[in-house]
Amino acid sequence: MTLHITSFEGSNALSSFRTQQLLPALQGVNEKIAGISARFVHLVASETALDEALAAKLAGLLTYGDPYTGPLEGPAIVVSPRFGTVSPWASKATDIAHNCGLAVKRVERLVEYRLALKNGLLSKTVLTPEQLQAVAALLHDRMTESAMLDRAQAQELFNALQPAPMDHVDVLAGGKDALVKANTQFGLALAADEI
């Protein structure tokens, strides 16, 4: 089944305190980074395209916090929940949408960061791919989040991942040694006496 993904622009996602914390680290990547701002972006997955009434209800539901007044241009880093997971925020937001009678499959929230760059007198500052990756590393937690340079890539959140096949360890035939060998194979360092 193909899902229809609709995006809704959200509110400001970055406090001035957090901006002041981030800026020195970002300038360590490139001294021409003059500022950073961020807004929430909501993605709504539904089985059919949203009609005007449903879109208006969702827009009302997803309007909260201080309005975003930052730039719409400049290098972007988009941070989403880690691909293959459903965030706690998404679980709760989807439950709220269902309790409001809204026919959606899932509501997810991203953070879209925008960088402000100082330009030279005769040249425009451009960040290298390596610098953009370094900035992304400062803006997300690799354990729970994914970072990308384009919002469209975040639609991968809604692709179901296929589970890996289950491996079987015949403990009866090999005893503790079989478990130690299997754990070693999967990178677990458990000694035989810990099993």
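## About the model

Residues are numbered from 1 along each chain as its sequence is written. Because the model is predicted, local features need pLDDT of at least 70 and side-chain atom pairs count only at pLDDT 80 or more, while totals for chains, interfaces and linings use all residues; side-chain values use heavy atoms, with hydrogens and water left out.

Side chains of opposite charge can pair when their charged atoms come close. Here, a salt bridge is a side-chain nitrogen of Lys or Arg within 4 Å of a carboxyl oxygen of Asp or Glu. The structure holds seven of them.

One joins E112 and R39, with 2.9 Å between the closest N and O atoms. This pair links distant parts of the chain, 73 residues apart: E112 lies in strand β4 (residues 106-117) and R39 in strand β2 (residues 33-46). Strands (E, at least two residues) and helices (H or I, at least four) are DSSP runs, numbered from the N terminus. E112 counts as buried because its relative accessibility is 5%, and R39 counts as buried at 10%. For these labels, buried means under 20% relative accessible area, exposed over 50%, and partly exposed in between (1.4 Å probe, protein chains only).

Another salt bridge pairs E47 with K105, their closest N and O atoms being 3.6 Å apart. E47 sits in the loop between β2 and α2 (52-61), K105 in the loop between α3 (88-99) and β4, and 58 residues separate the two. E47 is partly exposed, at 46% relative accessible area, and K105 is partly exposed at 41%.

## A buried pair and a network

R106 and E108 also meet through their side chains in a salt bridge (3.1 Å, N to O). R106 counts as buried at 13% relative accessibility, and E108 counts as buried at 0%. Elsewhere, salt bridges that share partners join E9, R39, E112, R114 and R151 into one network.

## The largest pocket

On a 1 Å grid over the protein atoms alone, a pocket is an open set of points where a 1.4 Å probe fits, with protein on both sides within 12 Å along at least five of seven lines; lining residues have an atom within 4 Å of a point. The largest pocket has a volume of about 200 Å³, a volume being the space filled by probe spheres set on the points, which are joined across faces, edges and corners.

Of its 14 lining residues, V79, P81, R109, V111 and E145 are the closest to the centre. The largest share of the lining, five residues, comes from β4, and β3 (76-81) and β4 each supply at least two residues. The lining divides into eight nonpolar, three polar and three charged residues (Ala, Val, Leu, Ile, Met, Phe, Trp, Tyr, Cys and Pro count as nonpolar, Asp, Glu, Lys and Arg as charged, and the others, Gly among them, as polar).
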